[in-house]
Each structure stands twice: as structure tokens, then as C-alpha cells.
Amino acid sequence: MLGGTFDPIHHGHLRSAIELREALGLDHVLLVPAHQPPHRAAPGVSSDQRLAMLEAAIDAEPGLKADGRELLRDGPSYSADTLASLRAEYGPQARLVMAIGHDAFLKLGEWHAADRLFDDAHVVVIERPDHDAPLPRALEALIQGREVDSVAALMARPGGHLLRLSLPTRMAISATFVRERLALGDSVRYLLPEAVIRHIEAHGLYCPSST
């Protein structure tokens, strides 16, 4: 599971998802757009549109799947609830992984029902090489005794571990940067899949008149 607002989905998201699948030997990666993100303001583009862009982006990539289950729930889109839903669907023996970026990892101790995350899945942190700040105390307590140092150790059980993982490429693309360029009418070619650009243009998303 790789969650996010995907506002909009871009090549940085997609490349990370592909490299996660390869590095961890996963059957597939579920990209799960948040309906009501609990830790940030609501996106300016509807959940349905963000899911539609995601589906367009990965249409030709069999290892990636768009999962709209958070759009079907009322209230904040808590990852603990999403993982519980996935565990119920995939069964007790499936290896489930939630991947998060380093910035999100630093706030993990503050997440809703943070302990429940490890009841249903492993957590894989996509490392940021230039970040070596000490961890918050709440986070240290949360991950104590859970960290492993290899994919083999991670996959030895269905969930409960944490692995820090460096990916081969870290594309410095942010959705904020993409939205700013779109609002100005500047080119976003090669930042987004062409199918996503076509969807944005067809529906008038992110342009000044749509805000």
C-alpha cells in the first residue's frame, strides 16, 4: 500500500511504486488515494477526479493497482482503518506492507491508532539520504524492537516490522510544484504521464478558473 493525496499523481509517485515492488518482491502495489486526509487540508480536486487520474496513469502497468476503498468511507482517511480492511480482505498470512516517505515517518507516532498499523502490516520507510535528525520520542517508542535490516527479515512474518529502504532513484518532483505550474499555464510534460495531462486538460483541473 502506497497512500497519498495524489494531487495529482506524478512520475515521482509512480517510479517509487515500481521500485518498491521490485525491491520487496511484491505481487503488486496498491496506490490508495486519501478521501479526507487527516494531516493536511482537503485537496482542491475531488477524490473521484484524483482516482480517475491515478487509474489513467497506471493503466498500462500491471504491477500497480488503483484502490479507491478510502473514497467509500466517511470521515478522515486513517491508514489504520485501511490496513485493517486490507488484512480482512487478504487474510492472516499475507505479507502486507505500508510504504511511507521519511517526512511522514517522522510524524508516525502522532498518527491515529499508530500501534494498529503494525498489527496489520509492515511499515517500510523510503529513506531520504540527507536526513539524519534524531527521531521524536513518541516515534522511538512506537518502533522499539520492530526494526529489521533486510527484506528477508521483513517478509519472515505477515506484519509487525519496520524497514528503512533506499530506492535507486528519488525523483525530486512535488505535487505542489506541479499544481503551481498548471495554475500558471506552464508545461508539466515529463513530470506527469501523458494520460494524466490529457485528463487534466479535458476537465479543466488546476487552472485558475477551476479554483
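**Figure 1. Charges and overall build of the predicted model.** The protein carries 21 positive and 28 negative side chains, and the centres of these two sets sit 1 Å apart. Lys and Arg are taken as positive, Asp and Glu as negative, with His and the chain ends not counted; each charge is placed at NZ of Lys, CZ of Arg, CG of Asp or CD of Glu. This is a predicted model, in which local features need pLDDT of at least 70 and side-chain atom pairs count only at pLDDT 80 or more, while totals for chains, interfaces and linings use all residues. Residues are numbered from 1 along each chain as its sequence is written, and side-chain values use heavy atoms, with hydrogens and water left out. The fold has 9 helices and 7 strands, which are DSSP runs numbered from the N terminus (helices H or I, at least four residues; strands E, at least two). The C-alpha trace spans about 50 × 35 × 30 Å along its principal axes. A compact globule of 211 residues would have a radius of gyration near 17 Å, and the protein agrees, at 17 Å; that radius is taken over C-alpha atoms, and the globule rule is 2.2 Å times the number of residues to the power 0.38.

Figure 2. Of the 211 residues, 46% are buried; buried means under 20% relative accessible area, exposed means over 50%, and partly exposed is in between (1.4 Å probe, protein chains only). Among contacts with a separation of 6 or more, 71% come from residues 24 or more positions apart, a contact being heavy atoms within 4.5 Å.

**Figure 3. The largest nonpolar core and a second one.** The largest nonpolar core holds 37 residues, and I9, L20, L24 and L31 have the most contacts inside it. Such a core is a set of buried Ala, Val, Leu, Ile, Met, Phe, Trp, Tyr and Cys residues joined through side-chain atoms within 4.5 Å. Elements that each supply at least two of its residues include α1 (11-24), β2 (29-33), β4 (97-101) and β5 (122-126). Helix α1 gives the most, with 4 residues. A second, separate core has 25 residues, among them F105, L108, W111 and L142. In soluble globular proteins, nonpolar side chains tend to be buried together.

**Figure 4. Around L20 and L167.** Leaving aside neighbours within four places in sequence, L20 is in contact with L2, G25, L26, A99, V124, I126, L165 and L167. L167 itself is in the loop between β7 and α8, and it is buried, with a relative accessible area of 8%. Not counting residues up to four places away in sequence, L167 touches S16, E19, L20 and I126.

**Figure 5. Helix α2 and strand β3.** The buried residues of α2 are S47, Q49, R50, L51, M53, L54 and A57. They pack against α1, β2, β3 (64-66) and α9. L64 belongs to strand β3 and counts as buried, at 6% relative accessibility. Apart from neighbours within four places in sequence, L64 is in contact with L14, A17, I18, V29, L31 and I58. From L64 to A42 is 22 residues in sequence and 25 Å in space, C-alpha to C-alpha.

**Figure 6. The loop between β1 and α1.** P8 lies in this loop, with β1 covering 2-4. A cis peptide bond joins D7 and P8, with omega about 0 degrees. F6 is in the loop as well, and it has a positive phi of about 50 degrees although it is not a glycine. At 2% relative accessibility, F6 counts as buried.

Figure 7. Y190 is found in the loop between α8 and α9. A156 and R95 are 61 residues apart in sequence, and their C-alpha atoms are 8.7 Å apart in space.
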